[in-house]
Each structure stands twice: as structure tokens, then as C-alpha cells.
Amino acid sequence: MQSRKLPLATGLTYHVLEWDGPGDLTFVLVHGFSDLGYGWSEVAPRLAQHGHVIAPDLRGHGDSDWIGPGGYYHFMDYVADLDDVIAQLARRRVVLVGHSMGGSVSSYYAGTRPARLAGLVLLEGLGPPDMAALDGPTRAAMWIDAWRTARAKG
């Protein structure tokens, strides 16, 4: 297991645990509310026999940056962070595993970036509301892309 700090486009720095494994598959383990990446320490080594594994501490959890006074934590901010973590660290194929709040974040991500995933596992995650008629996944992807473009401009 390797522990690393990863600067994100959001301006935050995430703490990420990483286990090396064979092939082009990455398991991304997303913890629940009031938990952290170390919560996956019994599961990750077993998955690492089958591929690369990463377990980030979400914003405001563990050793990742916290939002300052007056800040807030919205699901779409977690999704944007996760998008960046996956873009920076994941191999070609991704299996996203989310627990509790991490299940909700993971399902939002899966709806936003379905082509990026080889699989999705939800443990107690309810997922996003049904927004198919409102084209929610496309709107979410556009929001993340527009946010990243605006952030890059300074």
C-alpha cells in the first residue's frame, strides 16, 4: 500500500491510498459519510490480486483537505473530485465501488461518465434520483466540464 497526496483541479488536495496490481483494471473504492479510505484496508489487498486499487479520502474526511469556514459539501463537488482522481490515477478500465454516501457519489459519477466504467458496485448507496426525462447524466457531465474550464481560466 502506498499513501499519497494528490492535488485536484478543485484546488483541494486529496489523500489517496493505492495498491498496485496487475493489468489495466482499477478498482476505485469510495467510502461513506464520516469514514475514510483506510476503511477499505481489508478489502483492497484482496482486490489488488486482480488489478490496481485506489481508495481516496473524500473532501472533509481523513487526510484530504477540508472546506474552510462558510464552505459546504455538495454531492456534485464530490463527483467532480472523484472525476479528477480517476482521470489522474486510474488505468483504462474502472470498477467503482461505493459504500453508503460513497455509493451515492459513485452512482452520480456512473451516470455522468458511463463510458469510463467497466462496473459499478453499490453497498447501501441509493444513487441519484431518476432524472432520465431531464437528461440528468448529460447535464451533470456538462456541469463538471464547464466547472473545470472555468477553474482553469483562473
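**Backbone, packing and charge pairs**

Modeller: S100 is located in the loop between strand 5 and helix 3. Please bear in mind that this is a predicted model.

Colleague: Is S100 buried, partly exposed or exposed?

Modeller: S100 has a positive phi of about 55 degrees, although it is not a glycine. Its relative accessibility is 26%. Buried would require a value under 20% and exposed a value over 50%, so S100 counts as partly exposed.

Colleague: Where is S34 found, and is it buried or exposed?

Modeller: S34 is another residue other than glycine with a positive phi, near 65 degrees. S34 sits in the loop between strand 3 and helix 1. With a relative accessible area of 61%, S34 is exposed.

Colleague: At what angle do helix 2 and helix 3 pack, and are they roughly parallel or roughly perpendicular?

Modeller: The axes of helix 2 (residues 75–89) and helix 3 (residues 101–112) are 9 Å apart, and the packing angle is about 70 degrees. Angles of 65 to 115 degrees count as roughly perpendicular. Helix 2 and helix 3 are therefore roughly perpendicular to each other.

Colleague: Which residues of helix 3 meet helix 2, and how do the residues of the contact divide into nonpolar, polar and charged?

Modeller: From helix 2, the contact involves F75, M76, Y78, V79, L82, D83 and I86; their partners in helix 3 are M101, S104, V105, Y108 and Y109. The residues of this contact divide into ten nonpolar, one polar and one charged.

Colleague: Which residues are linked with D83 in a network of salt bridges?

Modeller: D83 belongs to the helix 2 side of the contact with helix 3. The structure holds eight salt bridges. The network that includes D83 also contains R113, D145 and R148.

Colleague: Which residue forms a salt bridge with D81, and why does the pair tie together separate parts of the chain?

Modeller: D81 lies in helix 2, whereas its partner lies in the loop between strand 4 and helix 2, so the pair ties together parts that are 22 residues apart in sequence. Both partners are buried. The closest N and O atoms are 2.6 Å apart, and the partner of D81 is R59.

Colleague: In the salt bridge of R4 with E18, which strands are linked, and is E18 buried or exposed?

Modeller: The closest N and O atoms of R4 and E18 are 3.0 Å apart. R4 is in strand 1 and E18 in strand 2, 14 residues apart. R4 is partly exposed, at a relative accessible area of 27%. E18, at 11%, is buried.

Colleague: How many residues apart are D24 and R93?

Modeller: Their side chains meet in a salt bridge with an N to O distance of 3.2 Å. D24 is partly exposed, with a relative accessible area of 26%, and R93 is partly exposed as well, with 34%. D24 lies in the loop between strand 2 and strand 3 and R93 in strand 5, which places them 69 residues apart.

Colleague: Which residues does L6 touch, beyond those up to four places away in sequence?

Modeller: L6 is part of strand 1 and counts as buried, at 5% relative accessibility. The C-alpha atoms of L6 and L96 are separated by 19 Å. The residues that L6 touches are L12, T13, Y14, V16, V85, Q88 and L89.

Conventions
Residues are numbered from 1 along each chain as its sequence is written. This is a predicted model: local features need pLDDT of at least 70, side-chain atom pairs count only at pLDDT 80 or more; totals for chains, interfaces and linings use all residues. Side-chain values use heavy atoms; hydrogens and water are left out. Axes are lines fitted to C-alpha atoms, for helices over the stretch in contact, and angles run from 0 to 180 degrees between N-to-C directions. Helices (H or I, at least four residues) and strands (E, at least two) are DSSP runs, numbered from the N terminus. Angles under 35 degrees count as roughly parallel, over 145 as roughly antiparallel, 65 to 115 as roughly perpendicular and the rest as oblique. Contact means heavy atoms within 4.5 Å. Ala, Val, Leu, Ile, Met, Phe, Trp, Tyr, Cys and Pro count as nonpolar, Asp, Glu, Lys and Arg as charged, and the others, Gly among them, as polar. A salt bridge is a side-chain nitrogen of Lys or Arg within 4 Å of a carboxyl oxygen of Asp or Glu. Buried means under 20% relative accessible area, exposed over 50%, partly exposed in between (1.4 Å probe, protein chains only).
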